[in-house]
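Here is a short report on a structure with more than one part to look at. Keep the sequence and the 3D view open as you read.

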Amino acid sequence: MVTEFGIVLLFFIVGILFVGVSLFASALIRPHKPNPEKLSTYESGEEPIGSPWVQFNARFYIIALAFLIFEVELVFLFPWAVVFRDLGWYSFAAMAIFVVILLLGLAYDWAKGYLEWDKPKPIIPVLKELIMTREDLKNQQKD
Amino acid sequence: MNNLIWILIEALIKAVVILNVILLGAATSVYLERKISAVIQDRIGPNRVGPFGVLQPFADVFKLFFKEDIVPKASDKFFHSLAPIISLGVAVAVYAVIPFAHYVEIGGTKYYIGIAPNLNIGLLFILAMTSVGVYGITLAGWSSNNKYSLMGGLRSAAQMISYELSMGLSLIGIILISGSFSLNDIVIGQANWKWNVFLQPLGFLIFLVSAFAETNRAPFDLPEAEPELVGGYNTEYSGMKFGMFFLAEYANMATSSAFITLLYFGGWQLPFSPDLLGLAEGSIGLAVAQFLVFFIKVVFFIMFFIWVRWSIPRFRYDQLMRLGWKVLLPLSLLNVVLTAAAILIFK
């Protein structure tokens, strides 16, 4: 017996086959005349400078971490939502506590500014005591 | 054994028919977008290929078929080819759980209209597939070894995971009301104008905004923002591989419209009792009527998507992140709590 999952898998295979066959058919009839100019990386008509595979903004990583926490919360909420009608206020309270704990996490992220995408304003170090101005030098020489 | 073969043949026929429906749907979306954008901008739009230019999308695909496929020397060749296959494959796979009408009864057997509309984890399947869709775009951006592509891929990954949270949380409201993950059960529960959009107005708004962000449509089309990123993640793609991203984008738009219809606007439910038409439950006539109702609702939402794209300017990236994390996420959590409390009070 084929379950519904089997039929979904079958559909998935048909879909992938369709994509593969159309790519293959296109490969048979299209021209193929490469040259070094064509194969170079596009950078608005200039010679590409350096590789893009370098360090990128760490904020993308923080967003991914926050996402992971809430996605796990979602996974716990889904089965709860299905059987919720039979459980009543007790399960409501239990889930409310769970959600509030996670909301605290979101509030922490928010307060720490991890959800801000703007660049934090640069803090210019004040070195008044260490740097001698010309007047300071004159005063020193007087003494 | 004989039984098994019949089931396989039925499933294969359904698969081929629905694959064609998807491609036709994508072509219709492309045509509608070009025509509606032309009307909005006071142009004529495509009018040369076929009557009123309706064959333009097919001509475009044939053109892409004959175009040279350029894979940059610096790119990661395997992932560069894999990414468009993931994108279109996932866009197609989501259709496996969509019910197009209820069922047709022939010789005592019920044939449900759709691949597996009664799949008991339908909604989870959709969420899982949209998550896999992120891989297609991110891999395309990374493997091209191009700065514009990488920026587009990164932006799209961060954007899609941010809005996926609100989308998932707004779906919880629907599950609380229907008590099932199966899309057919959700639609059956909305008979007689008990549409979820009336019970879940806040959830609907959140889902709508997240759907725009998940499909990378304007005003959330930052992954391919032309003025800053040339073409975004698909800058280095050409020929049929570009065509696949293109088709996937429009297939996703049609899918989102279908989900909005199914989850919030009664899906294939007729706006009046089927007895008025004099059609029995399970007859072919009723199934056709249901399919037409579903189709009209979906086309309405496709037009809504297009209308929004050509009316509203693009978000800035910090605005996008602020909306996702500071507005939609708390609101969708609030929606879950309110819905649960309301169900317990009015039970």
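## Ground rules

This is a predicted model, in which local features need pLDDT of at least 70 and side-chain atom pairs count only at pLDDT 80 or more, while totals for chains, interfaces and linings use all residues. Residues are numbered from 1 along each chain as its sequence is written, and chains are lettered from A and ligands numbered from 1 in the order in which they are written.

## Chain B as a whole

Chain B has 12 helices and 2 strands. These are DSSP runs, numbered from the N terminus: H or I of at least four residues for helices, E of at least two for strands. From the N terminus on, the order is α-α-α-β-β-α-α-α-α-α-α-α-α-α. The radius of gyration of chain B is 21 Å, close to the 20 Å that the globule rule gives for 347 residues, so chain B is as compact as a globular protein of that length. The radius is taken over C-alpha atoms, and the rule is 2.2 Å times the number of residues to the power 0.38.

Of the 347 residues of chain B, 52% count as buried. Buried means 20 or more other C-beta atoms within 10 Å of the residue's own; exposed means 12 or fewer; partly exposed is in between; C-beta atoms are placed from the backbone.

## Helix α11 of chain B

Helix α11(B) covers residues 284-309. Its 26 residues reach 38 Å from first C-alpha to last, close to the 38 Å expected. The expected span is 1.5 Å times one less than the number of residues.

Buried residues of α11(B) include Phe294(B), Val298(B), Phe301(B) and Phe305(B). The buried residues of α11(B) pack against α1, β1 (103-106) and α10 of chain B. An α-helix has 3.6 residues a turn, so residues three or four places apart point the same way.

## Where the chains meet

In all, 59 residues of chain B are in contact with 53 residues of chain A. Contact means C-beta atoms, placed from the backbone, within 7 Å. The largest share of chain B's side, 12 residues, comes from α5(B).

## One residue: Glu43(A)

Glu43(A) lies in the loop between α2 (36-39) and α3 (59-87) of chain A. Glu43(A) counts as partly exposed because it has 15 C-beta neighbours inside 10 Å. Leaving out residues up to four places away in sequence, Glu43(A) touches Pro48(A) and Lys147(B).

Methods: Contact = placed C-beta atoms within 7 Å.
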